Amino acid sequence: MTATYETNDNKPQKDLVNYTTVRVPELRLIYRNLKAADGGPMNVSTLKDAMVPSDDDGSKDDAHLEACFKFLRAIDLLERPEDRVVSLLNEDVYSDLSFELRLLYHMNRQDHPQDHIVEAQRVAFEFAPKTVERERLVTELNNEVGYINWNKEKINGWYHLLEGIGVLSYTDSRELVLSPRPALLYELLETFRDEENSTDFGAAVGWIENEFLTVLTTRPGTPRLHQGVTDTLQTLIDEDYIDVRGMSDAKNEVVLPSTHSRNEEPSVTKFELHGWPEEPPASKRYPLDRFMEVDA
């Protein structure tokens, strides 16, 4: 059973996309330090000593650390009951999530206008099947998510945030690739199965859209999985991490677009997970774990 989600009082009002220097590695390091301390409370000075390097004169500029605190408070992942201490918030909600999925979940829980991070992802996945140029994305987002004045700097900040989680990547041509990392898609399906005690693929897709991110391109009628998400799913199927199948008498069908390894477009109703390795190959890990050392 998922615990009740709590929101911070007096949250920072700055638009999330305007935290242009905040990156996932620092956010995850703060989270892991607090997690190691059972969620806190932890003195801010302790985190500052651990994370902020000293200047030549021995002083520490903690402006970036404070920006990270504000971002995490704005999405209810961290609370600051006193100026000198911080604690994790909502740790009991989906308690077994990786940091990447937890960050995505918290951004998806924000009300308008702080929903613009996930709204931008929805727009990108709805109009572009696989890749999108940043200039085109600026135009589309200013049309569809117009309560934010999108520009190249904000697109880059938005991209770096979602790329660090594993929702997007980029090509050498600098186009954004709209395919989630295999680890992210597998963990989403695994969490649904464990939380809902179900392997209904249509229900899983609806749950993912409601709780985490957009993965469909159409909703009225038979839903159709986004092409980039389908490519990731196909990789997991080809390498025997996941099986999917259709059942003629089942509801909640989802159409899978054709991919590099099949031409047909099957309607899927069920999925089966075959387990995730403790030390997956680098291509299957979350972005921040790609170069993690493993025992020989």
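1. Let's begin with one side chain. A polar atom in the side chain of glutamine 114 sits 2.9 Å from the backbone oxygen of lysine 14. Keep in mind as you look that this is a predicted model. Leaving out residues up to four places away in sequence, glutamine 114 touches Pro12, Gln13, Lys14, Asp15 and Leu16.

2. Is glutamine 114 buried or exposed? The relative accessible area of glutamine 114 is 11%, so this residue counts as buried, the cut-off for that word being under 20%.

3. With a relative accessible area of 6%, glutamine 110 is buried. Which side chain does the side chain of glutamine 110 meet in a polar contact? The partner is the side chain of tyrosine 5, at 3.2 Å. Not counting residues up to four places away in sequence, glutamine 110 touches Tyr5, Lys11, Ala74, Ile75, Asp76 and Asp115.

4. Histidine 112 and proline 113 are joined by a cis peptide bond, with omega about 5°. Proline 113 lies in the loop between α4 (99-108) and α5 (116-127). Another cis peptide bond links glycine 40 to proline 41, and there omega is about 10°. Proline 41 is found in the loop between α1 and β1 (42-43).

5. How many of the residues of α4 are buried? The count is 10 of its 10 residues, so α4 is mostly covered, given that buried means under 20% relative accessible area. Among the buried residues of α4 are Phe99, Glu100, Leu101, Arg102 and Tyr105. What do these buried residues pack against? The helices in question are α1, α3, α5, α7 (152-165), α8 and α9.

6. Next, the wider layout. The protein chain is divided into domain 1 (16-88), domain 2 (99-177) and domain 3 (182-273). Between the C-alpha centres of domain 1 and domain 2 the distance is 24 Å. The contact involves 14 residues from domain 1 and 19 residues from domain 2.

7. How much area do domain 1 and domain 2 bury between them? The value is about 1,600 Å², and carbon and sulfur atoms give 70% of it. On the side of domain 1, the residues that lose the most area to domain 2 are Leu16, Val17 and Val24, which together make up 37% of what that side buries.

8. Glutamate 100 forms a salt bridge with arginine 28, and their closest N and O atoms are 3.0 Å apart. Across the interface of domain 1 and domain 2 there are also 9 residue pairs in polar contact.

9. Which helices each supply at least two residues of the side of domain 1 that touches domain 2? They are α1 (24-36) and α3 (63-74). Of the elements on that side, α1 gives the most, with 4 residues. Sorted by class, the side of domain 1 that touches domain 2 has 9 nonpolar, 2 polar and 3 charged residues.

10. Finally, look at two residues with positive phi. Asparagine 197 has a positive phi of about 50° although it is not a glycine. Asparagine 197 lies in the loop between α8 (182-196) and α9 (201-211). Its relative accessible area is 73%, so asparagine 197 is exposed. Aspartate 240, likewise not a glycine, has a positive phi near 65°. Aspartate 240 lies in the loop between α10 (227-238) and β9 (242-245). Aspartate 240 is exposed as well, with a relative accessible area of 56%.

Notes:
Residues numbered from 1 in each chain as written. Predicted model: local features only at pLDDT ≥ 70, side-chain atom pairs only at ≥ 80, totals over all residues. Heavy atoms only, no water. Domains from an automatic or database assignment. Contact = heavy atoms within 4.5 Å. Buried area = accessible area lost by both parts, 1.4 Å probe. Salt bridge = Lys/Arg side-chain N within 4 Å of Asp/Glu carboxyl O. Polar contact = N/O pair within 3.5 Å; in protein donor to acceptor, adjacent residues only side chain to side chain. Nonpolar A, V, L, I, M, F, W, Y, C, P; charged D, E, K, R; others polar. Buried < 20%, exposed > 50% of the residue type's maximum accessible area, 1.4 Å probe, protein only.
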